[in-house]
Amino acid sequence: LVHCPFLVFQTKGELVAGKEMSVIVEFTNPLKQTLENVMLRLEGPGVLRTIKKQFGRIPMNSTLTWEVKCTPMRPGLRTLIASLSCDALRHVYGELNVQIQKP
C-alpha cells in the first residue's frame with residue numbers, strides 16, 4: 001500500500017485584503033527514489049493568480065519548500081490549492097481555506 005503523499009500549507013503574515021502575505025507549500029518525497037522534473041502549481045482565486053514552478057529533482061526523504069508572496073484583493077473565505085506532478089507521482093495535492101479579513 002503506497003500512502004498518497006500530500007502538500008502541507010502554511011501562511012505567514014496578516015490575512016488582510018490589500019496586505020502582502022506569504023503562502024508556503026511543503027512537500028516531502030516519500031519514495032525511495034529521486035523525483036525528477038517536478039512541477040508545482042499554486043492557485044487561489046481572489047488571493048493569487050495561478051503560478052507554476054519547475055523544480056529539477058527532489059532526493060528521497062528530502063523536503064521541498066516553496067514560498068510565494070501575494071496580496072489578496074478581496075476579503076472572505078478563500079481556498080488555496082496546490083498540486084505537484086512529476087514522472088513518478090501523480091495527483092499530489094493539498095488545499096487550505098483562508099479567511100481574508102477586511103482592511
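**Close-up 1. Salt bridge between Glu-67 and Lys-12 in a predicted model.** The closest N and O atoms of Glu-67 and Lys-12 lie 3.2 Å apart; a salt bridge here is a side-chain nitrogen of Lys or Arg within 4 Å of a carboxyl oxygen of Asp or Glu. The pair joins distant parts of the chain, with Glu-67 in strand 5 (residues 63–70) and Lys-12 in strand 1 (residues 8–12), 55 residues apart. Strands are DSSP runs of E, at least two residues, numbered from the N terminus. Glu-67 has a relative accessible area of 36% and is partly exposed, and Lys-12, at 44%, is also partly exposed. Buried means under 20% relative accessible area, exposed over 50%, and partly exposed in between (1.4 Å probe, protein chains only).

**Close-up 2. Lys-69 and the salt-bridge network.** Lys-69 forms a salt bridge with Glu-67, and their closest N and O atoms are 3.6 Å apart. Lys-69 counts as exposed, with 53% relative accessibility.

**Close-up 3. Salt bridge between Glu-14 and Lys-19.** The closest N and O atoms of this pair are 3.0 Å apart. Glu-14 is partly exposed at 47% relative accessibility, and Lys-19 is partly exposed at 38%.

**Notes to all views.** Residues are numbered from 1 along each chain as its sequence is written, and side-chain values use heavy atoms, leaving out hydrogens and water. In this predicted model, local features need pLDDT of at least 70 and side-chain atom pairs count only at pLDDT 80 or more, while totals for chains, interfaces and linings use all residues.

Note on methods
Helix = DSSP H or I, 4+ residues; strand = E, 2+ residues; numbered from the N terminus.
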